[in-house]
Amino acid sequence: MVKHIILWKLKEDLGANEKRAVRENIKRELEALEGVVPGLVSMNIVVDSLESSNADVMMDSAFESEEALKGYQTHPAHVKAADTYVRPFTAVRMCIDYEE
């Protein structure tokens, strides 16, 4: 099993309502990839964090293998979701991948 964890910080120029909508869109669109992308075992997007957090969105995903993770990164459904709902609104992205 390969874990793929991402933390995103949204752009500072987004208003509170806009940030809320962006977070919900990211959650909806990325969690919808389960059952669509081969080898994607689970996708959990956290958008309601505590005040002590310094990230706005966290993605906790699991893949059958490193090859499945590589396939996810180029899968058309993932690319569309990322290009439409994530990348235009994020200022910082941090990622860690590891085998479990």
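This is a predicted model: local features need pLDDT of at least 70, side-chain atom pairs count only at pLDDT 80 or more; totals for chains, interfaces and linings use all residues.
Let's start with a charged pair on a helix. Glutamate 31 forms a salt bridge with lysine 27. The closest N and O atoms are 2.9 Å apart. Both residues sit in helix α1, four residues apart, which is about one turn of the helix. Glutamate 31 is partly exposed, at 25% relative accessibility. Lysine 27 is partly exposed too, at 24%.

How many salt bridges does the count come to? Six. Let me walk through some of them.

Next, glutamate 29 and arginine 28. Their side chains meet in a salt bridge, 3.0 Å from N to O. Glutamate 29 has 21% relative accessibility, so it counts as partly exposed. Arginine 28 is also partly exposed, with a relative accessible area of 45%.

Now a pair that reaches across the chain. The side chains of aspartate 60 and lysine 3 meet in a salt bridge, with N to O at 2.6 Å. What does this pair tie together? Aspartate 60 lies in strand β3 and lysine 3 in strand β1, so the bridge ties together parts that are 57 residues apart in sequence. Lysine 3 is buried, at 12%.

There is also a network. Lys9, Glu12 and Asp56 are linked by salt bridges.

Keep Glu12 in mind, and look at lysine 19. Lysine 19 is found in helix α1. Lysine 19 is buried, yet it has no salt bridge. Which side chain of opposite charge is nearest to lysine 19? It is glutamate 12, 4.3 Å away. What does lysine 19 touch, not counting residues up to four places away in sequence? Leu10, Lys11, Glu12 and Leu14.

On to the inside. The largest nonpolar core has 22 residues. Those with the most contacts inside it are Trp8, Ile26, Leu30, Ile45, Met59 and Tyr72. Which elements give two or more residues to this core? On the strand side, they include β1, residues 2-10, β2, residues 40-46, and β3, residues 57-63. The helices are α1, residues 16-31, α2, residues 66-74, and α3, residues 76-86. Strand β1 gives the most, with four residues.

Take methionine 59 as one example from that core. Leave aside its neighbours within four places in sequence. Methionine 59 is then in contact with His4, Ile5, Ile6, Trp8, Leu30, Met43, Asn44, Ile45 and Tyr72. Trp8, Leu30, Ile45 and Tyr72 are also on the list of residues with the most contacts inside the core.

Now valine 57. This residue is in strand β3. Valine 57 is buried, with a relative accessible area of 1%. Its contacts beyond four places in sequence are Ile6, Leu7, Trp8, Arg23, Ile26, Ile45, Val46 and Val47.

Out to the surface. Leu7, Val92 and Met94 form a nonpolar patch there. Together they have about 270 Å² of accessible area. Valine 92 sits in strand β4, residues 90-99. Valine 92 is partly exposed, with a relative accessible area of 41%.

Two prolines to finish. Where is proline 38? In the loop between α1 and β2. Proline 38 is exposed, with a relative accessible area of 58%. Setting aside residues up to four places away in sequence, proline 38 touches Ala68 and His75. Proline 38 and leucine 69 are 31 residues apart in sequence, and their C-alpha atoms are 9.2 Å apart in space.

The other is proline 76, in helix α3. Proline 76 is exposed, at 63% relative accessible area. How far apart are proline 76 and lysine 19? They are 57 residues apart in sequence and 25 Å apart in space, C-alpha to C-alpha.

That's the tour. Thanks.

Notes. Residues are numbered from 1 along each chain as its sequence is written. Side-chain values use heavy atoms; hydrogens and water are left out. A nonpolar core is a set of buried Ala, Val, Leu, Ile, Met, Phe, Trp, Tyr and Cys residues joined through side-chain atoms within 4.5 Å. Buried means under 20% relative accessible area, exposed over 50%, partly exposed in between (1.4 Å probe, protein chains only). Contact means heavy atoms within 4.5 Å. Patches are made of residues with over 30% relative accessible area and no salt bridge: like charges are joined within 9 Å, nonpolar side chains (Val, Leu, Ile, Met, Phe, Trp, Tyr) within 5 Å. Accessible areas come from the Shrake-Rupley method with a 1.4 Å probe; for residues, only the protein chains shown count as cover. A salt bridge is a side-chain nitrogen of Lys or Arg within 4 Å of a carboxyl oxygen of Asp or Glu. Lys and Arg count as positive and Asp and Glu as negative; His and the chain ends are not counted.
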